[in-house]
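Here is a short report on charged pairs, a hairpin and a helix end. Have a look at the model, then read on.

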Amino acid sequence: MNAKANNTIDKARKLQRKLYLSAKTNKRRKFHALYDKVYREDILMKAWKQVKANKGIGGIDEIYIDDVVEYGESKLLKEIQQELIENHYNPKPVKRVYIPKKDGKKRPLGIPIIKDRIVQTATKIIIEPIFEADFKEYSYGFRPKRNQHQALEIIRKKCNNSGWWVLDADIKGYFDNINHDKLMILVEQRISDRRILKLIRKWLKIGVVERDRYEESEIGSPQGASISPLLSNIYLNYFDTVWDRYYRENKICEYVGR
């Protein structure tokens with residue numbers, strides 16, 4: 001990795017750290033100047049590297065990672081940056097595909113086009129540290145430097161320390177049933193930047209295409225979208241807050257997977 005790449009990562013990390021500490025210090029602060037950071041060159045480059053590393057299939061435009069590389073990575077990022085600056089960015093509907101589950105059923109995924117995945121990831125890079133400052137210690141799903149193995153280890157330790165019962169509960173179709181209006185109320189508790197809020201609403205309402213048939217999105221956040229795990233954690237954090245208020249003596253360890 002060259003010096004320029006290292007400097008890009010360092011700048012992005014410093015910004016994330018600054019946002020996290022600011023949110024952690026003031027639990028009531030609302031952040032209003034974030035949109036211009038989403039289209040920063042270093043943030044878009046960091047977002048693209050994450051999207052590229054995750055690979056995945058193309059969206060409804062049938063453009064794949066290799067196509068972007070052939071087209072010109074820097075060229076595409078410049079185009080995205082310009083669209084965001086001029087407020088001309090409009091996402092495309094996601095492509096619905098199905099992947100098999102262990103029980104023989106199939107799970108629906110919504111695959112955004114690569115350009116949308118880049119913008120979603122860039123937005124996540126900026127706003128995730130703010131909400132990370134609010135998430136509970138016992139929440140492990142889709143969070144930086146956290147995973148299901150850590151959650152299982154917490155349960156093991158609790159069981160070895162006078163723990164007698166483990167309740168295994170599953171939220172059926174969690175991603176598919178997130179209420180958009182309630183989610184936005186929770187997002188707006190921390191974010192007041194109207195352009196960021198507009199982006200999130202667009203991604204929630206953009207709809208899906210399956211076998212050339214378009215369907216509107218009235219509810220849910222598509223599994224497969226870069227921003228969805230963060231949005232799902234924001235939504236679930238309300239449950240965690242209520243649990244802490246009324247059932248603090250009953251410890252929970254939470255991992256919500258796809």
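Asp-244 has a relative accessibility of 15%, so this residue counts as buried, since the cut-off for buried is under 20%. The model is a predicted one. Asp-244 forms a salt bridge with Lys-136, and the closest N and O atoms are 3.9 Å apart. This pair links distant parts of the chain. Lys-136 sits in the loop between helix H6 (114-132) and helix H7 (148-159), while Asp-244 belongs to helix H10 (residues 228-246). The two residues are 108 residues apart. Is Lys-136 buried or exposed? Lys-136 is buried too, with a relative accessible area of 19%.

**More charged pairs**

Side chains of opposite charge can pair when their charged atoms come close. A search of the whole structure finds 13 salt bridges. The table shows three of them, including the pair just described.

| Salt bridge | Closest N and O atoms |
|---|---|
| Lys-136 and Asp-244 | 3.9 Å |
| Glu-137 and Arg-146 | 3.0 Å |

Glu-137 is exposed, because its relative accessibility of 59% is over the 50% cut-off. Arg-146 is buried, with a relative accessible area of 19%.

Which residues are linked in a network of salt bridges? They are Lys-27, Asp-134 and Arg-190.

**Helix H7**

Now turn to H7. This helix has 12 residues. At 1.5 Å a residue, H7 should span 16 Å. The C-alpha atoms at its ends are 17 Å apart, so the two values agree. Which residue caps the N-terminal end of H7? Asn-147 does: one of its side-chain oxygens lies 3.0 Å from the backbone nitrogen of His-149.

Strand S1 covers residues 94-100, and strand S2 covers residues 106-111. In which sense do S1 and S2 pair, parallel or antiparallel? They pair in the antiparallel sense, over six bridges. Tyr-98 stands opposite Pro-108 in S2. S1 and S2 form a hairpin, with five residues between them. The turn holds Gly-104, whose phi is positive, at about 95°. In a regular strand the side chains alternate between the two faces of the sheet.

Terms used
Residues are numbered from 1 along each chain as its sequence is written. This is a predicted model: local features need pLDDT of at least 70, side-chain atom pairs count only at pLDDT 80 or more; totals for chains, interfaces and linings use all residues. Side-chain values use heavy atoms; hydrogens and water are left out. Two strands pair if DSSP finds at least two bridges between them. Helices (H or I, at least four residues) and strands (E, at least two) are DSSP runs, numbered from the N terminus. A salt bridge is a side-chain nitrogen of Lys or Arg within 4 Å of a carboxyl oxygen of Asp or Glu. Buried means under 20% relative accessible area, exposed over 50%, partly exposed in between (1.4 Å probe, protein chains only). The expected span of a helix is 1.5 Å times one less than its number of residues. A polar contact is a pair of N or O atoms within 3.5 Å; within protein, one must be able to donate a hydrogen and the other to accept it, and residues adjacent in sequence count only if both atoms are side-chain atoms.
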